[in-house]
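Me: Please walk me through the charged side chains of this protein. I would like a close look at how they pair up.

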Amino acid sequence: MPACVVERVAGWVPPRRVTNDDLPASWQVTDDWVRSRTGIGSRHRADPGMATSDVALEAAARVLEGAETVDTVLLASSTPDHPIPASAPAVAARLGLGPVAAFDIAAVCSGFVYGLATGAGLIASGVSRRILLVGADVYSNLLDPADRSSGILFGDGAGAMLLRAGEPGEPGELLGCDLGSDGGNAGLITVPDGGARSRASGVPPGQGDHHFRMQGADVYKHAVVRMTQSARSLLDRLGWEPLNVDHFVPHQANTRILEAVSLRLGIPYERCVLNLAEVGNTGAASIPLALADAQEAGRLREGERVLITAFGGGLTWGSAAFTWPSAPAGPTTLTTARRERS
């Protein structure tokens with residue numbers, strides 16, 4: 001059976017940078033206030049008219065540059081261009097990939113981890129040999145302008161990863177995944193309007209029902225518990241001790257969650273891969289974007305052990321572990337391309 005191997009990673013964020021000082025005056029926040037509660041100093045916003053497939057395309061084009069073609073495209077997102085059709089086929093077509101398999105994965109901020117597990121299954125079954133996995137979200141299109149609690153957190157962006165069939169034991173091998181959900185608490189993170197449920201109710205949507213809603217305090221408690229349990233379960237299955245993890249890459253939600261999960265797992269906080277301060281919470285894009293930034297900084301070495309974990313609406317959560325691949329050949333645009341962040 002072929003192994004699923006991580007080949008390379010890339011990321012992109014829209015050029016428009018919004019610092020804490022740029023946030024609406026009506027929110028009555030300061031840079032110190034936002035940083036002390038979230039760890040976020042800035043986030044990037046898509047320009048008017050820019051949708052999720054647009055940012056996904058930017059990251060995908062970078063990770064594919066100089067690479068072999070793929071036979072499958074997976075797009076993890078909770079902000080698709082349309083309810084129907086899925087956005088992945090449009091991304092594949094714009095990349096000129098031909099009639100490849102392409103579909104969306106809806107697991108909110110856990111979407112990238114779910115996509116990684118899905119890609120591994122497709123490779124193990126022989127359905128796919130090379131997969132483009134993209135996590136992309138444009139949350140700015142969903143946020144309520146009056147809701148500062150969500151507005152200070154979320155940014156827009158995309159991260160992409162190439163997966164391929166390979167040999168067990170080679171650098172980049174995906175070693176295991178752990179997934180879970182709790183639909184009983186679906187209401188903690190939601191966009192009430194826009195789906196079949198709201199249409200079937202016969203009740204006109206309320207004001208603001210098309211906006212993103214999150215019950216922050218409850219989400220914090222669930223996120224810490226579920227991310228810790230999932231990551232610990234995977235570590236136990238692999239026989240890894242916390243100190244065996246060279247790089248811990250949690251979903252970039254806020255620093256309070258990340259610090260709590262790191263502490264509970266017993267992984268030194270300095271081993272966490274973080275870019276939250278620069279880009280905020282980018283949903284399904286957060287983990288691949290963080291990996292792309294760490295790669296660009298030269299922090300990741302071939303064969304090092306990487307543990308990722310995420311939590312999102314649904315509720316959903318998941319973790320995955322792999323070794324870091326050999327350095328990819330190609331131009332620096334394979335990484336996050338910081339020059340476009342100014």
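How many salt bridges does the count come to, if a salt bridge is a side-chain nitrogen of Lys or Arg within 4 Å of a carboxyl oxygen of Asp or Glu?

Reply: Happy to. First, a word on the ground rules: this is a predicted model, in which local features need pLDDT of at least 70 and side-chain atom pairs count only at pLDDT 80 or more, while totals for chains, interfaces and linings use all residues. Residues are numbered from 1 along each chain as its sequence is written, and side-chain values use heavy atoms, with hydrogens and water left out.

By that rule, the count comes to nine salt bridges. One of them joins Arg164 to Glu7, with 3.3 Å between the closest N and O atoms. Arg164 sits in strand β7 (residues 156-166) and Glu7 in strand β1 (residues 3-12), so this pair ties together parts 157 residues apart in sequence. Helices (H or I, at least four residues) and strands (E, at least two) are DSSP runs here, numbered from the N terminus. Glu7 is buried, at 17% relative accessible area, whereas Arg164 is partly exposed, at 21%; buried means under 20%, exposed over 50% and partly exposed in between, using a 1.4 Å probe and protein chains only. Both residues also belong to a network of salt bridges that links Glu7, Arg130, Arg164 and Glu170.

Another pair is Arg62 with Glu58, at 2.9 Å from N to O. These two are four residues apart in helix α2 (residues 52-64), a separation of about one helical turn. Arg62 is buried, with a relative accessible area of 9%, and Glu58 is partly exposed at 29%.

Asp178 and Arg237 form a salt bridge too, at 3.5 Å from N to O. Asp178 lies in strand β8 (residues 174-181) and Arg237 in helix α7 (residues 216-238), so parts 59 residues apart in sequence are tied together. Asp178 is buried, at 14%.

Now for a charged residue without such a partner. Glu304, in the loop between α10 (286-296) and β12 (305-312), is buried yet has no salt bridge; Arg301, the nearest side chain of opposite charge, is 5.6 Å away. Lys and Arg count as positive, Asp and Glu as negative, and His and the chain ends are not counted. The Glu304 side chain does make a polar contact with the side chain of His247, at 2.6 Å; a polar contact is a pair of N or O atoms within 3.5 Å, and within protein one must be able to donate a hydrogen and the other to accept it, with residues adjacent in sequence counting only if both atoms are side-chain atoms.
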